[in-house]
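Subject: Structure for you to look at

Hello,

Here is the structure I promised to pass on. Please open it beside this email and follow along.

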Amino acid sequence: MMKKQTDRLLAIWFIATLFVLALIFLFSPARKFSELENRYLQAEPKLTWEHLISKQFAEEAESFVTDHFPLRGQWVWVKSLSEQLRLQQENNGIYKGKDGYLFEKFAKPTPALLAQYADAVKGFAASSPDSELTFLLAPTSIGLYPDKLPWKAPHDRQDQVNAAVGEELRGSANLTYINGFDVLKPHISAPIYYRTDHHWTTLGAYYAYEAYAKQMGWTPHPMSNYTVKPVSDSFLGSYHTRGQFSLAKPDLLQVFLPKKPVPTSVYVADTDTTTDCLYDESFLAKKDKYSYFLGGVHALMTLTSDIPEGEEDLDKLLVVKDSYAHSVLPFLTQHVKEIHVIDMRYYNGSISEYRKANGISHTLMLFNTATFSENNEILKLNK
């Protein structure tokens, strides 16, 4: 008799819990951005015949429920704590490595898919044979520091992916490939990556700028031309957010300020606003401190620099990128009068047409290996 009452109470408690969670889910406002996870959340799925047939509606609905589940942040923290109590070195796709480094798991794409992505880049270059395209593919920290991973942590090698991309892009007359491993390996002992975030540091971005400037035939400004200023010593980045490992040491966020600055205006087409600063200090008080550079992710931006006549190296440059470019672009404003910046994840127009309409003859594509390998947005180049 007692067992039946206990089972009945457990059933009532379970049903009541589901009912309460459902009510919270239905009546809570849907957030667009997660400060905790430092990413945009899935928007409400659109119910159309096309989406139903392609299964896109089902996939987006599942992602929407997952992203907006009540108390999601607390559940992530509880899961992380339980994993750490079990002495696990991995949680939510993040490894806890040596020397305070956190790493994201990396799985290389199939050769066929990688070839498809490379073909999109080659096709973009071929669409304007009178233009010049440079493609810089930067590894993430797991690619450069595999020795810091937990013992026997499974991962694929990013250097093999970068080498394969280089082979696929070989032979295009107006396309130059820069392998980020060649750029960064000579500086591997320097702090070129954040320990808790997926980006390179401003120092790593400087070495990428230096390599691109040399490839373009410009004279890169030496480090002595900059004042290195710390702007935050409490940066816990995206890897820490996802892994939720305790006792992580925050990263230092720095900015390189030119001793002879060039006034630069920043126009954001998304919001139709213009500012006169490359940095947004409001983000230093937020979780997403890396968005201090350029104010975060935007579909389309234009950076216009007042470089004295005759001192510029290039009139116009198109940069097609992921967020790795954000800390590189301030260096480029010292050389280029007008930089058009497109993030393919949010820009849906034809990039080839945009380039032609704005009379741009030089393009820099800058991606990290993980973004390039895992995000099929690169196929938008075929538009």
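First, a definition: helices (H or I, at least four residues) and strands (E, at least two) are DSSP runs, numbered from the N terminus. By that count, the chain has 13 helices and 15 strands.

Some ground rules. This is a predicted model, so local features need pLDDT of at least 70 and side-chain atom pairs count only at pLDDT 80 or more, while totals for chains, interfaces and linings use all residues. Residues are numbered from 1 along each chain as its sequence is written, and side-chain values use heavy atoms, with hydrogens and water left out.

The chain overall

Buried means under 20% relative accessible area, exposed means over 50%, and partly exposed lies in between (1.4 Å probe, protein chains only). Of the 383 residues of the chain, 46% count as buried. Contact means heavy atoms within 4.5 Å. Take the contacts in the chain with a separation of 6 or more: 70% of them come from residues 24 or more positions apart.

Two strands pair if DSSP finds at least two bridges between them. Eight strands make an open sheet with mixed pairing, in the order 7-6-15-13-14-12-10-11. Its edge strands are strand 7 (175-179) and strand 11 (273-275), and each pairs on one side only. From one strand to the next, the twist averages 20°. For angles, axes are lines fitted to C-alpha atoms, for helices over the stretch in contact, and angles run from 0 to 180 degrees between N-to-C directions.

Which helix packs on this sheet? Helix 5 (residues 111-126) does, touching strand 6 (132-138), strand 7, strand 13 (314-321) and strand 15 (362-368). The direction of helix 5 makes about 155° with that of strand 6.

Look at strand 6 next. Six of its seven residues are buried, so strand 6 is largely enclosed by the rest of the structure. Strand 6 pairs with strand 15 in the parallel sense over seven bridges. There, Leu136 stands opposite Leu366 in strand 15. Strand 6 also runs parallel to strand 7, joined by five bridges. Thr134 has Thr176 in strand 7 as its bridge partner.

Now try strand 10 (residues 264-268). Strand 10 pairs with strand 12 (residues 300-305) in the antiparallel sense, over five bridges. Tyr267 stands opposite Thr302 in strand 12.

Another open sheet has three strands in the order 3-4-5, with antiparallel pairing. Strand 3 (90-91) and strand 5 (102-104) are at the edges with a single partner strand each, so one side of each has no neighbour in the sheet. Strand 4 (residues 94-96) and strand 5 run antiparallel and are joined by three bridges. Ile94 stands opposite Glu104 in strand 5.

Gln89 sits in the loop between helix 4 (72-85) and strand 3. Gln89 has 37% relative accessibility, so it counts as partly exposed. Setting aside neighbours within four places in sequence, Gln89 is in contact with Ile94, Tyr95, Lys96, Pro150 and Phe245.

Most residues other than glycine have a negative phi. Asn92 is not a glycine, yet has a positive phi of about 55°. Asn92 is in the loop between strand 3 and strand 4. Gln244 is not a glycine either, and has a positive phi of about 55°. Gln244 lies in the loop between helix 10 (238-243) and strand 9 (251-258).

Are these two residues buried or partly exposed? Asn92 is partly exposed, with a relative accessible area of 37%. Gln244 is buried, at 14%.

The cavities

A cavity is a set of points, on a 1 Å grid over the protein atoms alone, where a 1.4 Å probe fits but cannot get out; lining residues have an atom within 4 Å of a point. Grid points are joined across faces, edges and corners, and a volume is the space filled by probe spheres set on the points. The structure holds two cavities of 30 Å³ or more. The largest cavity has about 70 Å³ of space. Its lining includes Lys321, Asp343, Arg345, Phe367 and Asn375.

Best wishes

Key: 1 Å grid on protein atoms, 1.4 Å probe; cavity = no way out; pocket = protein on both sides within 12 Å on 5 of 7 lines; lining within 4 Å.
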